[in-house]
Amino acid sequence: MPHDDHDHPHSLLPSDPALRVKALETILVAKGLVDPAAMAVILETYETKVGPHLGARVVARAWADPRFRALLLKNANAAMAELGVTGRQGEHVVAVENTPGTHNMVVCTLCSCYPWPLLGIPPAWYKSDAYRARAVREPRKVLAEFGVTLPEGQKVRVWDSTAEVRYLVVPMRPEGTEGMDEAALATLVTRDSMIGTGLPLAP
Amino acid sequence: MTPERPFAEPWQAELFALTVALSEAGQFSWPDWAAAFGATLKRHGAARELDGGADYYAAWLETLEGLLDRAGSAPAAEAHEMRHRWEAAYLSTPHGKPVRLGE
């Protein structure tokens with residue numbers, strides 16, 4: 001229906017959930033239980049600052065620097081801190097490295113736990129029932145739907161995230177990237193390759 | 001890499017920020033949040049397959065309303081009334097004017 005000022009002289013009514021969120025916010029701010037300024041900072045952080053480009057920097061550094069790679073696999077948070085990648089929902093990260101023998105893939109069967117400081121807010125498919133249920137049951141089929149076909153000898157290991165432990169997949173460095181610097185390497189690291197539902201781009 | 005928009009609608013972003021801010025202010029721990037949210041998703045998912053989009057945030061909102069109701073910080077009746085006050089404010093504010101909550 002076209003919006004017509006004669007038929008709708010008042011402001012456009014927000015959706016039911018939008019009104020319910022507004023209601024909660026009004027009540028909680030009035031009671032001093034939540035600070036609107038804190039909310040604004042959180043909004044800005046996750047809408048504009050945090051995203052997979054941060055995880056890509058970590059992976060690219062691991063590809064380029066053996067010392068960093070060793071630290072990342074042993075103590076991911078210490079390695080992330082060296083690059084200034086820290087924050088909520090990333091307090092305990094475990095980095096799992098893909099090898100010719102094992103491909104790693106991450107899911108949260110409970111809800112949608114995800115390493116926010118490295119990857120930002122999860123995509124809708126990560127939060128869907130279909131992915132959450134099937135990633136554990138039939139990972140190869142799910143991977144095929146993402147366009148990933150693994151060699152027969154490579155086994156798939158699925159990691160189930162929790163509210164305490166989040167996982168970062170460190171994909172294998174693509175062939176033909178010798179001599180590329182970290183910044184160039186980072187452009188090859190896709191979000192999905194760090195969840196394990198994709199592979200890095202070819203150079 | 002072109003960043004994807006993390007939230008499909010502004011209210012989803014506000015809901016997210018509200019929940020995180022409440023948890024950081026000590027209203028509930030994140031593991032407690034995850035457990036409650038997981039239970040809602042399970043209940044919704046038993047009725048139909050969730051696609052991880054709007055239905056995901058609908059479950060999120062229901063979970064937060066439930067937690068705040070039980071904690072007494074935003075009782076369901078109070079939240080319901082406030083929702084209708086906002087609706088009335090929108091309906092009584094001329095188009096283009098800032099919407100303010102009436103007394």
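This is a predicted model: local features need pLDDT of at least 70, side-chain atom pairs count only at pLDDT 80 or more; totals for chains, interfaces and linings use all residues.
User: Is A:Arg132 buried or exposed?
Analyst: The cut-offs are under 20% relative accessible area for buried, over 50% for exposed, and partly exposed in between (1.4 Å probe, protein chains only). A:Arg132 comes in at 9% relative accessibility, so A:Arg132 counts as buried.

User: Which residue of chain B is in contact with A:Arg132?
Analyst: Contact means heavy atoms within 4.5 Å. Leaving aside neighbours within four places in sequence, A:Arg132 touches several residues of chain A, including A:Val107, A:Thr109 and A:Tyr126. From chain B, the contact is B:Leu41.

User: With which residue does A:Arg132 form a salt bridge?
Analyst: A salt bridge here is a side-chain nitrogen of Lys or Arg within 4 Å of a carboxyl oxygen of Asp or Glu. The closest N and O atoms in this one are 3.0 Å apart, and both residues lie in helix H8 of chain A, three residues apart, about one turn of the helix.

User: Where is the partner of A:Arg134 in its salt bridge, A:Glu145?
Analyst: The side chains of A:Arg134 and A:Glu145 meet at 2.8 Å, N to O. A:Arg134 is buried at a relative accessible area of 18%, while A:Glu145 is exposed at 56%. The pair links distant parts of the chain, eleven residues apart, with A:Arg134 in helix H8 of chain A and A:Glu145 in helix H9 (residues 139–145) of chain A.

User: How many salt bridges are there between chain A and chain B?
Analyst: A search of the whole structure finds 17 salt bridges over all chains. One between the two chains pairs A:Asp16 with B:Arg83, closest N and O atoms 2.8 Å apart. The count between chain A and chain B is four.

User: Which helix gives the largest share of the side of chain A that touches chain B?
Analyst: Overall, 54 residues of chain A are in contact with 56 residues of chain B. There are ten residue pairs in polar contact between the chains, both at pLDDT 80 or more; that means N or O atoms within 3.5 Å, where within protein one must be able to donate a hydrogen and the other to accept it, and residues adjacent in sequence count only if both atoms are side-chain atoms. Helices H1 (16–30), H2 (36–49), H3 (52–64), H7 (124–127) and H8 (129–137) of chain A each supply at least two residues of that side. The largest share, 13 residues, comes from H1(A).

User: Why is strand E4 of chain A largely enclosed by the rest of the structure?
Analyst: A:Arg166, A:Leu168 and A:Val170 point one way from E4(A), and A:Tyr167 and A:Val169 the other way. E4(A) is largely enclosed because, of its five residues (166–170), the number buried is five.

Technical notes: Residues are numbered from 1 along each chain as its sequence is written. Chains are lettered from A and ligands numbered from 1 in the order in which they are written. Side-chain values use heavy atoms; hydrogens and water are left out. Helices (H or I, at least four residues) and strands (E, at least two) are DSSP runs, numbered from the N terminus.
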